[in-house]
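Hi,

Here's the structure I promised to pass along.

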Amino acid sequence: MQDSARAVVIGGGVVGASVLYHLAKIGWQDVLLLEKSELTAGSTWHAAGGMHTFNGEANISRLQKYTIDLYREIEALSGQSCGLHPNGGLMLAATPGELDSLRLICSRARYLGMETEMISLEEAARLNPLIDTRFFTGALWRADGGHCDPSGTTHAYVKAARRLGAAVERFTRVTGLTPRRDGTWDVITDKGTVHAEHVVNCAGLWAREIGHLVGLQLPVLAMEHHYLVTEDIPELKGREREIVNTTDYSGEIYMRQERAGALIGTYEPHGAVWAPIRTPEDFSMQLLPEDFERLAPYFEVGFQHFPALGRVGIKKAINGPFTFAPDGNPLVGPVRGLRNFWVACAVMAGFSQGGGIGLVLSRWMAEGDPGQDILSMDVARFGAFATPKYTSIKVPENYSRRFRLAYPNEELPAARPVRRSPIYERLNAAGAVMGANFGLEQALWFAPAGVAPTETPSYRRSEAFPHVGQECRAVRTAVGLYETSNYGKYEVTGRGARGWLDRVFASRIPQPGRLALAPMLNPAGRIVGDLTIACLAEDRYLIIGSGFAEEFHLRWFEASEPPADVHVRSAASSLMGFSVAGPRSRELLQRLVRIDLSAGAFRLFQLAETAVGLAPAILTRSGFTGELGYEIWTTPDYLATLHDDLLEAGRDQELVHFGGRALSSLRLEKGYGSFNKDFRPDYTPAETGLQRYVDFDKPDFTGRAAALAERSRGPKRRFVILEIPGTDTEAVGYESILKDGKAVGYVTSASFGHCTARSLAAGYVPAGLAREGEAFQIDIFGELRAAIVRLQPLYDPRGLRLRA
């Protein structure tokens with residue numbers, strides 16, 4: 001065995017094999033895969049081998065499409081068949097909500113360029129004659145998809161990688177990982193030590209244990225998963241083509257043809273966790289005991305919906321473990337605090353996603369950037385809140401919902417509450433309907449007295465709609481109070497802080513007593529942060545951003561190598577606060593502070609460290625509603641007291657609580673984009689409109705060359721707000737925007753503008769069409785709705801209220 005490598009990939013399943021292949025393909029020939037047993041011996045060998053492009057996240061759909069298209073390439077290079085059955089995919093709906101979901105998938109597919117269409121049940125039955133159409137109301141067909149041979153596909157990756165110079169060592173157990181001072185690693189095995197520049201944890205069922213070797217607790221857990229293979233089915237005899245792979249939402253069943261019979265699997269509501277504490281070292285090419293008694297009721301549903309399956313015998317039953325993250329998406333990327341240590345694990349849909357994961361991870365390792373937005377599978381989407389207990393509760397919940405709809409207004413209950421602010425119980429008592437953001441409970445909207453604080457999951461307007469409207473109107477006409485504890489917060493201190501921030505951020509760094517909107521770019525000139533910098537002193541700064549991105553941004557700051565005299569730390573749990581917004585906000589706050597808040601004395605983007613009532617605080621004139629507003633930051637021990645003082649001061653000012661839903665409506669009326677929803681690492685400053693905050697006069701900042709080049713040539717697309725007249729249904733996100741029948745863009749977020757009485761959508765369209773009044777159509781649940789570009793904010797276009 002070689003004693004050095006540029007990268008060591010741990011794990012010989014389909015994901016590890018894909019990472020190995022892509023690293024070799026990108027030019028890293030000195031790469032080594034270590035597998036403790038035989039290739040595929042963990043979960044890969046017993047997988048059903050399904051492949052599809054269905055995903056609620058558009059960027060993951062693209063990676064799944066890449067994965068499926070890749071198989072012909074590795075077959076040709078390796079000479080190894082992947083056993084492809086490219087027979088497409090079929091999804092069945094039985095309820096109005098499920099039908100809405102299929103229509104949304106179809107709309108998204110237009111822009112993604114994936115051949116997809118809603119079809120009749122008669123057509124669905126032609127594609128799969130085993131369907132009993134009486135149980136369904138609609139169907140969606142997609143050309144991409146089918147199934148492959150798990151073993152053949154994995155070996156095709158490995159053979160192709162070897163032809164490009166990569167090496168594989170089977171039956172080699174990794175027993176230790178020791179970091180060196182220069183960021184490289186000693187990979188200790190039972191056959192010797194390999195000195196590696198990079199280590200990639202693709203260990204699948206053992207990813208958790210490999211993480212333990214470096215002190216990392218990955219949020220990953222294995223679940224038992226069953227599928228059955230039937231005897232030959234007479235209805236399939238004589239067909240020229242295989243039936244189309246079929247997913248039954250309501251039955252929570254998937255099925256496909258297996259030779260002359262069928263393979264049928266289920267994600268049952270009460271799944272069984274496997275190896276909750278430690279994965280057995282000697283588990284290799286093994287299955288788990290069958291559990292028919294527990295699973296019989298769920299397979300019976302499948303036999304009702306596909307009656308021919310119930311009329312033949314069961315040839316084989318498979319029960320094997322697969323790993324999941326708490327939200328069901330993979331864990332991919334570099335790990336903060338562990339230089340050159342990477343993960344690609346919890347990949348349940350390995351034959352749909354493995355190729356794409358290998359692609360983005362190889363780019364990330366070789367070029368410092370994954371090449372596209374993968375926030376939804378980035379390992380940094382989980383923080384310290386994702387403890388083993390949290391994972392043990394959320395993974396079974398996710399498993400049980402794998403084929404259930406995830407409605408845009410639905411909040412899942414398991415492992416909640418985890419993180420709570422000091423006023424959590426108070427907000428509940430005030431009628432708050434809560435959501436969770438990075439594990440922290442936050443108010444989405446408030447149910448008035450006499451109204452139940454619950455909401456029916458739906459793609460359409462829910463019972464929350466009128467109450468969110470009341471909150472919006474209260475902010476616009478009087479004053480509202482929003483808890484901002486869910487924001488990301490970072491403290492940067494030290495003599496070199498200003499110089500370091502000047503290199504990390506594309507904006508001008510504010511002077512003491514001021515704050516500034518601050519885009520942060522990667523070297524390719526794409527948005528990795530839309531934050532606010534508050535300068536408390538020349539050597540002390542507070543940075544405010546998106547709460548979900550805390551770990552993501554901390555990793556970015558660490559990778560930006562702050563010098564020895566600069567200290568960066570999270571203030572997420574040490575600073576909490578409120579936004580006070582509305583035309584009466586100044587009058588309310590003036591009662592609680594000694595400083596002069598008049599328009600000339602305390603201007604927009606000004607800050608002060610001052611007492612607010614009984615609480616020592618940082619007070620800024622800023623907000624996200626477009627109204628006169630302020631943000632107040634204090635320590636958790638003062639938050640409840642500050643809340644008391646604000647409520648008392650606002651008693652005669654018609655002060656109301658408002659939640660995140662109202663904030664989304666208010667910001668879209670002002671044309672404000674939001675990081676994660678509208679601004680992500682796929683977009684550039686010129687595309688998003690954030691270019692106006694970039695200080696091109698600075699000699700050096702990350703992404704400067706790319707941003708300058710884009711400014712010179714102009715953006716290809718532009719972020720716009722679209723008004724959708726005459727609709728009673730809002731868009732959700734990633735619906736296609738059409739011009740002359742052709743998909744030219746897509747929606748990123750949407751809401752009803754309660755104070756402008758218009759349905760609004762944010763999204764991207766070609767730059768040449770981003771003109772005031774330009775007419776488009778948006779495919780909303782299968783209906784083409786007119787949409788009109790509004791370049792000026794529909795509310796207070798001159799910004800007079802914001803600056804009042």
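The expected span of a helix is taken as 1.5 Å times one less than its number of residues. Keep in mind that this is a predicted model. For helix α1, residues 14–25, that rule gives 16 Å for its 12 residues, and the C-alpha atoms at its ends do sit 16 Å apart, so the two agree.

How enclosed is α1 by the rest of the structure? Largely, because 11 of its 12 residues are buried. Among them are V14, G16, Y21 and H22. Just after α1 comes G27, with a positive phi of about 115 degrees.

On to the cysteines. You'll find 0 disulfides in here. Take C82: the closest cysteine sulfur belongs to C148 and is 6.8 Å away, which is too far for a bond, given that a disulfide needs the two sulfur atoms within 2.5 Å. C82 is also buried, because its relative accessibility is 0%. C535 has a relative accessible area of 0% too, so C535 is buried as well.

Last stop is L531, which lies in strand β25, residues 527–537. With a relative accessibility of 1%, L531 counts as buried. Which residues does L531 touch, leaving aside its neighbours within four places in sequence? The contacts are Y490, F505, A516, L517, A518, M520, I543, I544, G545 and H553. There's also G488: 43 residues from L531 in sequence, with 9.2 Å between their C-alpha atoms.

Cheers

Technical notes: Residues numbered from 1 in each chain as written. Predicted model: local features only at pLDDT ≥ 70, side-chain atom pairs only at ≥ 80, totals over all residues. Heavy atoms only, no water. Helix = DSSP H or I, 4+ residues; strand = E, 2+ residues; numbered from the N terminus. Buried < 20%, exposed > 50% of the residue type's maximum accessible area, 1.4 Å probe, protein only. Contact = heavy atoms within 4.5 Å.
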